[in-house]
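Student: I would like to go through this model with you, starting where the chains meet. Please give the cut-offs as you use them.

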Amino acid sequence: MSDLVLVLAVAHRDARQELRSRAVTVATVFFSGITVVILSFALGPDPDDLRRAAPGILWVALAFAGVISAAQSYQNELAEGAFEQLLISPIPRAAIYVGKLLANWLTMFLLGLLLLAAIVILFDLPLGRGGPLLAATLASGTLGFSLIATFYAALTANLRARESLLPVLMFPVVVPVLLAAVRATETLLGPGQATGNPALAGPWLQLLVGFDLAYLVVCTAIFHFVVEE
Amino acid sequence: MAPAIELRSLYRRYGRNFVLADITLTVEAGRTVLLKGANGAGKTTLLRVLATRLRPSRGAGRIFGADLAREAQSVRRRVAYLSVLGGHSPTLTARENLHFAATIYGSPATVVDRSLASVGLGGVGDRTVRTFSSGMKKRLGVARLLLAPSDLWLLDEPYAALDEEGKGLIDDLLTDAQARGKTVIMASHALERCGRFAEATLELEGGRLRRADPEVQHV
């Protein structure tokens, strides 16, 4: 059985589990939606303020929702020993990690698209020529976040204080990804000279892709240490 | 031919406590062995070590000649584990759980329905596992066991939670395993029932193998 088939099987199963456990889907969509609404109310009615804050609001909402989603991705399986069964089956650890990563990434990317559409409409933001680059930023930013979240969620899955430990452990590591994602989004959405100037997003996007590659290699290589007991 | 199981002074620790201590044991291929002992004696831990879920803290072990720690992936290809909890994804249906297992083991998808029917779950294949009783989950675990092309079965309380018909299924499973030359290690408190199939009995006491009879270490 090729590793790619195994990766896709794990991803398909996890994505299906994610969709079935509606509690998580509802919680993440509702939570991120509330975050966007509250922050936009707090900033007041000035359209310039809202546009300036839009990239930050987008990524704050996504980051918090992503933590909830990642933590839950293991809890569904731990209760009845499904994760243990997965670990004693003949699947390479790296394939388990990449499969789970794909499912988490897909969820977060779709949520990101939904939030982006809501923010663009609510804040009346011009998309201009930056649409494809914005999608690329969203894809690479959510991938970087999911790489870290999937890894640390496995690390904390068996701990009693996992809900509080997961963000404490992962946020310091994920900060570079979030900063690069916010800056890239800002150059594509924000007000001022940078608005609609895709050229300025390039370096930040390259940085994001660099982070993604580095995290992918490191997390895949050491995932087996995290799940061994 | 390498023995099915070969353990040499194997220890397993949780925190500061040794749950398994100085386990030395050889089980030849094709044997059916009953593992007995009081609650907390270390039966499940020993099965989990053999299934490569837990690494030995000290000592060494081999399954069909493959090292438990260094060649765990080779071991996993030859071992199937029936846990007490069942080990299924509760949000997926019985059929989806088995399809996933079939993909992992490289079995054709057509065997899924046959496996479900063979454990009496043919009519509830599209129900999510969280709606199942403990006995139904155990039956589903048996169906998954049938999908795995493994040589060593590790059964943790195989008769627990099952009704008489379900227990009959386990009887048939063990008869079939013996006919096909599989090695079976079953941890159980159902001593009489398991005793009908067991060719040898091992007893764990406080994490150690009882050594009343020197032959007990080589079955």
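Student: How many salt bridges does the rule find across the interface of chain B and chain A?

Tutor: This is a predicted model, in which local features need pLDDT of at least 70 and side-chain atom pairs count only at pLDDT 80 or more, while totals for chains, interfaces and linings use all residues. Residues are numbered from 1 along each chain as its sequence is written, chains are lettered from A and ligands numbered from 1 in the order in which they are written, and side-chain values use heavy atoms, with hydrogens and water left out. A salt bridge is a side-chain nitrogen of Lys or Arg within 4 Å of a carboxyl oxygen of Asp or Glu. Across the interface of chain B and chain A, the number found by that rule is six.

Student: Which residue of chain B meets Arg20(A) in a salt bridge?

Tutor: Side chains of opposite charge can pair when their charged atoms come close. For Arg20(A) the N to O distance is 2.8 Å, and the partner is Glu96(B).

Student: Which helix of chain B gives the most residues to the side that touches chain A?

Tutor: Between the two chains there are 14 residue pairs in polar contact, both residues at pLDDT 80 or more; such a contact is a pair of N or O atoms within 3.5 Å, where within protein one must be able to donate a hydrogen and the other to accept it, and residues adjacent in sequence count only if both atoms are side-chain atoms. Helix 2 (72-78), helix 3 (94-105) and helix 5 (134-147) of chain B each supply at least two residues of the side touching chain A. Helices here are DSSP runs (H or I, at least four residues), numbered from the N terminus. With five residues, the one that gives the most is helix 3 of chain B.

Student: What area is buried between chain B and chain A?

Tutor: Buried area is the accessible area (1.4 Å probe) that two parts lose on being put together, summed over both. Carbon and sulfur atoms give 53% of a total of about 2,800 Å². On the chain B side, 26% of what is buried comes from the three residues that lose the most area to chain A: Arg53(B), Arg76(B) and Phe100(B).

Student: Which element supplies the largest share of the lining of the largest cavity?

Tutor: On a 1 Å grid over the protein atoms alone, a cavity is a set of points where a 1.4 Å probe fits but cannot get out, and lining residues have an atom within 4 Å of a point. The largest cavity is lined by 14 residues, with Phe100(B) and Gln85(A) among those nearest its centre. Helix 4 (82-87) of chain A and helix 3 of chain B each supply at least two lining residues. The largest share, six residues, comes from helix 3 of chain B.

Student: How far apart in the chain are Asp124(A) and Arg51(A)?

Tutor: These two residues form a salt bridge, with their closest N and O atoms 3.9 Å apart. Arg51(A) is in helix 3 (residues 47-78) of chain A, whereas Asp124(A) is in the loop between helix 5 (93-122) and helix 6 (131-156). The pair links distant parts of the chain, at a separation of 73 residues.

How values were computed. 1 Å grid on protein atoms, 1.4 Å probe; cavity = no way out; pocket = protein on both sides within 12 Å on 5 of 7 lines; lining within 4 Å.
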